[in-house]
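Good morning, and thank you for coming. I would ask you to look at the sequence and the structure together while I speak.

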Amino acid sequence: MVNQKNDLDVITIGRSSVDLYGGQVGGRLEDMTSFQKYIGGSPTNISIGASRLGLKSAVITRVGDEHFGRFITEQLTREGVNTEGIIIDKERLSALAILGIRDKEQFPLLFYRENCADMGLTKNEIDPDFIKRSKCVVVTGTHFSSRQVSEASFQAINYAKNNNVLVGFDIDYRPNLWSLGGHGDGESRFEESKVVTSDVQKIISHCDLIVGTEEEWHIAGGTKDTLKALRVCRELTQAIIVCKRGAMGCTVFPDAIINWDSGISVTVNKIEIFNVLGAGDGFMAGFLYGWLNDQSLELCAKYANACGALAVSRHGCAPAYPSKIELEHYLKNGSQHFSLRQDTFLEQLHWSTNRRKSFDNLFTLAIDHRVQFKKLAEENEKKEKEDIAVFKSMALEACLEAQKTEQENVGILLDEEYAESSLHAASDHDIWIGRPIEKAGVFPLELTEEPDIGSRLANWPVNHCVKVLAPLRNDDPKDIYEHQVKLLSQLAQACRLTNHELLLEIITKRNDKASSPEQILSLMQKLYEENIYPDWWKLEPIENVKFWSKANDIVQQFDPYAQGIIVLGMDAPSDKLASVFDLCKNYKHVKGFAVGRSIFFETARKWFGNKITNQQAKDEMFNKFTTLIKLWKRKN
């Protein structure tokens, strides 16, 4: 293996697109009515799969100067993929693929790639210094289907070979992307072509690793006899040859190819094949992970098979790929489920280790209160909707200013009832956004989005964290307790199906009952045992270090990759909050606070009473908010 000091492990080159996946499974694409948007394109998928496994990956491609192009670059950044090699195309649109899942054999697929951005890549845009930074360059089949992109890919190969950089090749044969077949033949996997065979054979002689399905080796070798095709290719290259064999696993040939036994065959467990699309890219990412870490070829194949298995069990391509933690768990423990999507623990591990964004700290201005603001407006004869909306927009401005000055992860909790415009505006900024789903001031718990929670949440932006205040106690009447837990379970499932994070706020204090630290801890454990996994816990400001230690331990036991715990304010004065902060902030899973009335209520009372100006109101909230951030950050 090459031993260089590189800051990148792998650079992939070629297709980069947006995938629109049909939400309805089992029917024709003609009958699908809703779609989920994912990132797509074989090399782009590989780069994400590699990054999730801990490799430092990058992509060389082009995307359009439009919404989908920005989505691709932003999603790659979220995934930890280096985007220095992405060129913004001012003339062309980003590529698009529309896909469906019908059964384990059929996958309707339409490519929108005529004059798309990534096919505009030129050889002059391949930077030799960028190539030098990597251990390996991976090229893919489609980017040899026209002269221009073929020249660009060969340029990258030449730079790699001249600088002792490995070259990997994923054959990635899509006949209609080589102009073989019509627009409706996107799912076709094989079409004989002497031209394509000749072109592929020109590529493989330059490679150190080549991966393909049996059909892809047929096109590479020019024959439908797989072993014969592999032998033809072996005469042209000394590369490690990997043949993917579907449910049979794969066979790796490091040397001569006499028969199947002359290779290293690694089988896979029998599982449900839910979605065949994108499995090969996950496979390639897994193999690269082992290969570039100097693992045995057998272990490389095990990584690759496992990544492919997890991919075929889920909806989408790149979103289905495992994290390193998830892969290691699956290889060690397997699953008792034929349908891996039904493995609750495995799915939770997948969700929690592949987040859009993880937080070390989070400081949130909670201004999603509704009852209190309505009362203030009535007492001061203000216009309920208009004036409350104005005040909450000022709170957002104070929050954004705090982000600039403190250089920390800040967030805001805003409601749709009085702060709809602020909710929309907040999405233009890189802040955490929480949005309540509980009906204000109602006991027992009711949700604003009932009865069909999932369908309603599907209309929420994916960057809105669903916040629910649960007025739970163990000593509630049995029917009330069970109703609330059942509703929380339904909400948690809906959040997962719609890719929303969940913040669960437990309030044990009521008019006739004091806060109960013991009950909070007990409830956390019971909810986990009900398979309710909040991304965030929002807990009362308990002045007891043992409480925070035990809360931290419960999260560590049940969901060690949760976002964490944040402390709520409950209108406590800053000195009490400072005391609580000092007790809890050094625990691993306690990440910050979500404080509301302690910051805004006195300011709101004066503003609604016409005693301060808008600017004074913003300044007061900014000062109180940043003071709390500083109190959290100070050393004990």
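First, the conventions. This is a predicted model in which local features need pLDDT of at least 70 and side-chain atom pairs count only at pLDDT 80 or more, while totals for chains, interfaces and linings use all residues. Residues are numbered from 1 along each chain as its sequence is written, and side-chain values use heavy atoms, with hydrogens and water left out. Helices (H or I, at least four residues) and strands (E, at least two) are DSSP runs, numbered from the N terminus.

Let us begin with the barrel. In what order do the strands of the barrel follow one another? The 8 strands close in the order β14-β15-β16-β17-β18-β19-β20-β21, and their pairing is parallel. Two strands are said to pair if DSSP finds at least two bridges between them. From one strand to the next, the twist averages 25 degrees. Angles here run from 0 to 180 degrees between N-to-C directions, and axes are lines fitted to C-alpha atoms, for helices over the stretch in contact.

Val-468 has Leu-504 in β18 as its bridge partner. Helix α18 (residues 545-558) packs on the sheet and touches β19 (536-539), β20 (564-568) and β21 (590-595). The direction of α18 makes about 145 degrees with that of β20. Contact means heavy atoms within 4.5 Å.

Two residues take us further into this region. Gly-592 lies in strand β21. Is Gly-592 buried or exposed? Gly-592 is buried, with a relative accessible area of 0%; buried means under 20% relative accessible area, exposed over 50%, and partly exposed in between, with a 1.4 Å probe and protein chains only. Leaving aside residues up to four places away in sequence, Gly-592 touches Leu-362, Phe-363, Ile-565, Ile-566, Val-567 and Trp-632. Gly-592 and Phe-359 are 233 residues apart in sequence, and their C-alpha atoms are 9.8 Å apart in space.

Lys-509, by contrast, sits in the loop between β18 and α17 (517-529). Lys-509 is partly exposed, with a relative accessible area of 46%. Not counting residues up to four places away in sequence, Lys-509 touches Ala-514, Ser-515, Glu-540 and Met-570. The C-alpha atoms of Lys-509 and Asp-208 are separated by 65 Å, and the two residues are 301 residues apart along the chain.

I turn now to strand β2 (residues 17-22), in which 6 of 6 residues are buried. In a regular strand the side chains alternate between the two faces of the sheet. Both faces of β2 are covered, with Ser-17, Asp-19 and Tyr-21 buried on one side and Val-18, Leu-20 and Gly-22 buried on the other. Which strands pair with β2? Strand β3 (residues 35-40) pairs with β2 in the antiparallel sense over 6 bridges, and strand β6 (residues 95-99) runs parallel to β2, joined by 5 bridges. Val-18 has Ile-39 in β3 as its bridge partner, whereas Ser-17 has Ala-95 in β6.

Gln-75 touches Ile-39 and Arg-356, not counting residues up to four places away in sequence. Gln-75 is buried, with a relative accessible area of 16%.

Finally, the helix pairs. Two packed helices are described by the angle between their axes and the distance between the axes. The axes of helix α13 (residues 384-406) and helix α21 (residues 614-633) come within 9 Å and cross at roughly 45 degrees. The two helices are therefore oblique to each other; angles under 35 degrees count as roughly parallel, over 145 as roughly antiparallel, 65 to 115 as roughly perpendicular and the rest as oblique. The crossing of α13 and α21 is right-handed. A crossing is left-handed if the near helix is turned anticlockwise from the far one by less than a right angle, and right-handed if clockwise.

The axes of helix α6 (residues 214-221) and helix α7 (residues 226-234) come within 8 Å and cross at roughly 50 degrees. That makes α6 oblique to α7, and their crossing is left-handed.
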